[in-house]
Every structure is written in C-alpha cells, then in structure tokens.
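Good morning. I will take a few minutes to go through one model, and you can follow on the screen.

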Amino acid sequence: MDTAPARPAFRFDNSYARDLPGLYVESRPVRVPAPRLLRLNRALAEELGLDPDSLDAAAVFSGNVVPEGAQPIAQAYAGHQFGGFSPQLGDGRALLLGEVIDRHGQRRDIALKGSGRTVFSRGGDGKATVGPVLREYLIGEAMQALGIPTTRALAAVATGAPVLREVELPGAVLTRVAASHIRVGTFQFFAARGESDKLRALADYSIARHYPEVAGPDLAGAANPYLAFFEAVAARQAALVARWMAVGFIHGVMNTDNMAISGETIDYGPCAFMDAYDPGTVFSSIDHTGRYAYGNQPLILGWNLARLAETLLGLIDADEDRAVALATAALERIMPLYRAEWLGQMRAKLGLVGEEDGDLALAEGLLAAMAGPGGEGADWTLTFRRLSRAVAGDARAVRPLFADPAALDAWLPRWRARLAPGAAARMDAVNPVTIPRNHMVEGALGAAVAGDMAPFEALLGVLEAPFADRPGFEAYALPAPASFAGYRTFCGT
C-alpha cells in the first residue's frame, strides 16, 4: 500500500530543501508492520504548535504516514570520525521531514531517525532499536531540564519488526527536533569536493538561520561575515562544552559530523554522565584511545572548530595567506573563551558572586581534592550538591565522598572566605540532585526493551526536575554500586 498523506497537522516551511538544492537527496521512510507509540512528548508537541490529541502519532512518527507539507530528505555531510576523514557520510538512517516555526517564532527541524535505508546508508540497514531510541529521548530531556542546549525527542515509536544486531532487538523510530541538523561535517562535505558555490550557499543559509546578527541584508552588515560566522559558532560551542563539563557529561563521539553549528548537543549514542571524578573517564566501547574522554572534550572542541575553519578559508578571504592568518587568530581565541565559560560555570557551582583573581585556583583546588591520591575520585554530582550544606560549616554530608577528606578540609576555609550571603541557595539552583545515572538508565532501558515502560517513565519524571530534593526518590541520586564498574556504552542509534 502506498504511503498516504495525513490530514494537515504540521505547518511546514521547508527552507533547507527549498533554498539548498544539491545538498540532499529526496527519500521516503520505510513502512513498518505494526507501529506502536512508546512515548509522545506532549509538551514539546504543543511548543511546536501541534495538537497532540489530533495526531495519529504512531503512524506519523513511525514514517508510515508522511504528513501533508513534509518533504522528506536525507542530508549530505562528511566528517572526521576519531580523527580519520570520511568524505561521504550523510543521513544513513535519518530523514528530515521538514521544518516548522514554533510558538516562540523559532524554526525547528523535525526528523525521523531509524526510518530505513537511504543513499547514504553505506551498507547499513537504516534502522534503530528501542533501547538506543529511548536513551536519546531520556538523555535529551535530561539535558533540557539541566538548561543545556540540546536536540529533543518528540516521539518514540516501536515498529513491530525485529532488527538484527548481535541479537534480534525490537525496532523503533525516534522523532528528533533540532534548531537544525547542519553540522561541521556538512561544510566538510562540500569543501572536500571543491563545490564552492554550494559551500557559500550553505554558509549564507546558516548565517541567515542561526546567526543573523553577524550580517545584514545580502551579508553586507559585517566587514567579514564568514569570519564573524565562524567566531559566533565557536562562541556557542565553547559555551556548550563548558556546560557539559559542569555536569560531568561525556558525549562519547565528538566527531565533526556530530557537532551542530547551532550550538545544540546532538547525537546521543555512547554518551554518559560521569560518577566519580576522573578526567580520563571514557564510556564509549569504540573509544579505545580515550580521544573523547571527559578531560579531552575541550581539546576536541578546538580541533573540530579548526576543521570548520578550514572549510571557510575561501570565503573568509580570497587571499589564502590572509584567510589563514584571520582564521588562525580566531582559533587562538577559542581556548581562552572556553576557559572563561568554564570558570563562569564553576563560579556558579561554587556559589561565588562576581569575579576575583583567585577563583580559578579555588576551582582547581577542589578538583584536585576530588581526584584523590589514588584515583578514587569523589562523586561529581553529589560533591557539588552536598557542598551547599558545608556553607555554614557542617561538612559531614560531603566529607565521606572524598578518599582523602583532609584535602577537602584544607580547601573549605578558603572557599568559605570567598562566599557571600545566599550561597547555599545559589548552589542548589545550579547543582542537580539527579542526573541520568548510568545504572538507572540501563535498568530503565532494559525494562522498556522487555515491554515495561514504567521504570523509564519514573526515571524521566525524576530527571525533568533535576534540582528538586524529593523525599522517596533518594535512590535516583546515588552512584552506581561497585558491581556496575566497567560500564560501557555503544553507538546504538
């Protein structure tokens, strides 16, 4: 049976497909045998101007029904994956259905993930499974609640068809909402092919959609709009990675094709949150060298942005030497910018008001105490949350987290001397009680794969209010038991 159009429910305005011919391939989602709605993000649906009660959600978000006005496309992009360049990646199991203008006047992509093969599938089946789809839903909503820019899940639908991985797993489709799906790798795709006209069109489109402040009509508002565009992307990315670091988030696969120029976190594959503080923490099963370890994320930020700068050289200036000089100067400002963003995050976490010269040493002093003498790091989330109880002098809640409490005891007086009234309340407003603890996530996903969504719903409810102390929910705030050591994540979506 042919795919039938749904009644109008989405007000699509598909500017990417309209304005950037040649940057995508039209495609259709593959029909699935028995779509079943696992979860609909009703609040997000309403934010997008949709009526959740009028949607045939299982049919639409499985790809069986293509909404009227949608123009499904697979976007082209390249990317450096663990440092090695792949000139053609693209949407191998995703389709951009189209764009809507939400209730706040913001343009948002609506895309299916796991909707079947495309011309970019590179031998893959184009499918996704229930566990990874719900992981992306869960982590994205947790990041949203933590105030970190992120793509979000609109729906998760089980397909009723098995997907063969190491074993048979239940198939699923995720519907993802993003400011856009334009990546550093999108620029790399056309730069690698020497398609300068398409590269310029992509840059102009990206400026108009995400950074209109850097250029006026016809790109005449800035002396060098493409350099200004790069600097604006760098600023957003620096702020984003600083926020990741502040909550102990490890992306796990910071390839250039997983770096959105909008400044949103995208692609929650082997991501995880750190329990015990250790800059070398790696969860991804494919990150054998620790390239994307927690402590390396700021370095990879700069590396990825250097790859973006390379694609823009011909736009920044026709004179190659001058373009390189301008881009190099911009790149040299990234690490100072990141460090300033990170220190701002740490000041907030420590309850500090204003800026003083000793703040960096104060933050680094706490991290040194948290690391401990034998690598037995203090729990990242619990340390900062319980530290607010030590403002008035009682450190009994936080001391047991430290392998060497003497190091904490030596640090506390310096910190207290820097505090202003109201520090405890300020700290509790930015330091979460709950994060997606890895053992809790795995338990909820395992139950969902087996057909029980109750643990997933319970965990999601807790993560949607991460700063609230709620009696009866203490177990969600505790780190994994010792038996959970050696946890690894996988690129499942």
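This is a predicted model: local features need pLDDT of at least 70, side-chain atom pairs count only at pLDDT 80 or more; totals for chains, interfaces and linings use all residues.

Let me start with helix α5, residues 184–192. Seven of its nine residues are buried, so the helix is largely enclosed by the rest of the structure. The buried ones are Val184, Gly185, Thr186, Phe187, Gln188, Phe189 and Phe190. What do the buried residues of α5 pack against? On the helical side there are α1 (15–19), α6 (196–210), α7 (225–247) and α8 (297–316). The strands β4 (79–81) and β5 (84–86) also belong to that list. After α5 comes Gly194, with a positive phi near 65 degrees.

Phe187 leads us on to the core. The largest nonpolar core holds 125 residues, and Phe187 and Trp415 are the ones with the most contacts inside it. Helix α7 gives the most to this core, 14 residues. If we leave aside neighbours within four places in sequence, the contacts of Phe187 are Ile182, Leu199, Leu202, Ala203, Ser206, Phe229, Ile261, Leu308, Thr311 and Leu312. There is also a second, separate core of 24 residues, and Leu50, Ala59, Val65 and Val173 are included in it.

Now the sheet, taken from strand β7. This strand covers residues 107–113, and six of the seven are buried, so β7 too is largely enclosed by the rest of the structure. Which way does β7 run relative to strand β6, residues 94–101? The two are antiparallel, joined by seven bridges. They form a hairpin with five residues between the strands, and Gly105 in the turn has a positive phi of about 80 degrees. β7 is also joined to strand β10, residues 168–178, by five bridges, and this pair runs antiparallel.

Next, the helix pair. Two packed helices are described by the angle between their axes and the distance between the axes. Helix α10 (residues 334–349) and helix α11 (residues 359–371) pack at about 70 degrees, and their axes are 10 Å apart. Angles of 65 to 115 degrees count as roughly perpendicular, and α10 and α11 are therefore roughly perpendicular to each other. Which residues meet at this contact? From α10 they are Trp342, Leu343, Met346 and Arg347, and from α11 they are Asp359, Leu360, Ala363 and Leu367. Sorted by class, the contact has six nonpolar residues, two charged and no polar ones.

Staying with α11, Leu362 is found in that helix. Its relative accessibility is 4%, so Leu362 counts as buried. Beyond residues up to four places away in sequence, Leu362 touches Leu352, Trp411, Arg414, Trp415 and Arg418. How far is Leu362 from Ala323, C-alpha to C-alpha? The separation is 39 Å, and the two are 39 residues apart along the chain.

A second pair of this kind is Ala329 and Arg399. They are 70 residues apart in sequence, and their C-alpha atoms are 45 Å apart in space. Ala329 sits in helix α9, residues 320–332, and is partly exposed at 29% relative accessible area.

Not counting residues up to four places away in sequence, Thr434 touches Val462, Leu463, Ala465, Pro466, Tyr476 and Ala477.

Last, two backbone values to look at. Most residues other than glycine have a negative phi. Phe82, in the loop between β4 and β5, has a positive phi, near 55 degrees. Its relative accessibility is 28%, so Phe82 counts as partly exposed. Arg122, in the loop between β7 and β8 (128–129), also has a positive phi, near 50 degrees. Arg122 is exposed, with 56% relative accessible area.

That is what I have for today. I can go back to any part of the model on the screen.

Conventions: Residues are numbered from 1 along each chain as its sequence is written. Side-chain values use heavy atoms; hydrogens and water are left out. Buried means under 20% relative accessible area, exposed over 50%, partly exposed in between (1.4 Å probe, protein chains only). Helices (H or I, at least four residues) and strands (E, at least two) are DSSP runs, numbered from the N terminus. Contact means heavy atoms within 4.5 Å. A nonpolar core is a set of buried Ala, Val, Leu, Ile, Met, Phe, Trp, Tyr and Cys residues joined through side-chain atoms within 4.5 Å. Two strands pair if DSSP finds at least two bridges between them. Axes are lines fitted to C-alpha atoms, for helices over the stretch in contact, and angles run from 0 to 180 degrees between N-to-C directions. Angles under 35 degrees count as roughly parallel, over 145 as roughly antiparallel, 65 to 115 as roughly perpendicular and the rest as oblique. Ala, Val, Leu, Ile, Met, Phe, Trp, Tyr, Cys and Pro count as nonpolar, Asp, Glu, Lys and Arg as charged, and the others, Gly among them, as polar.
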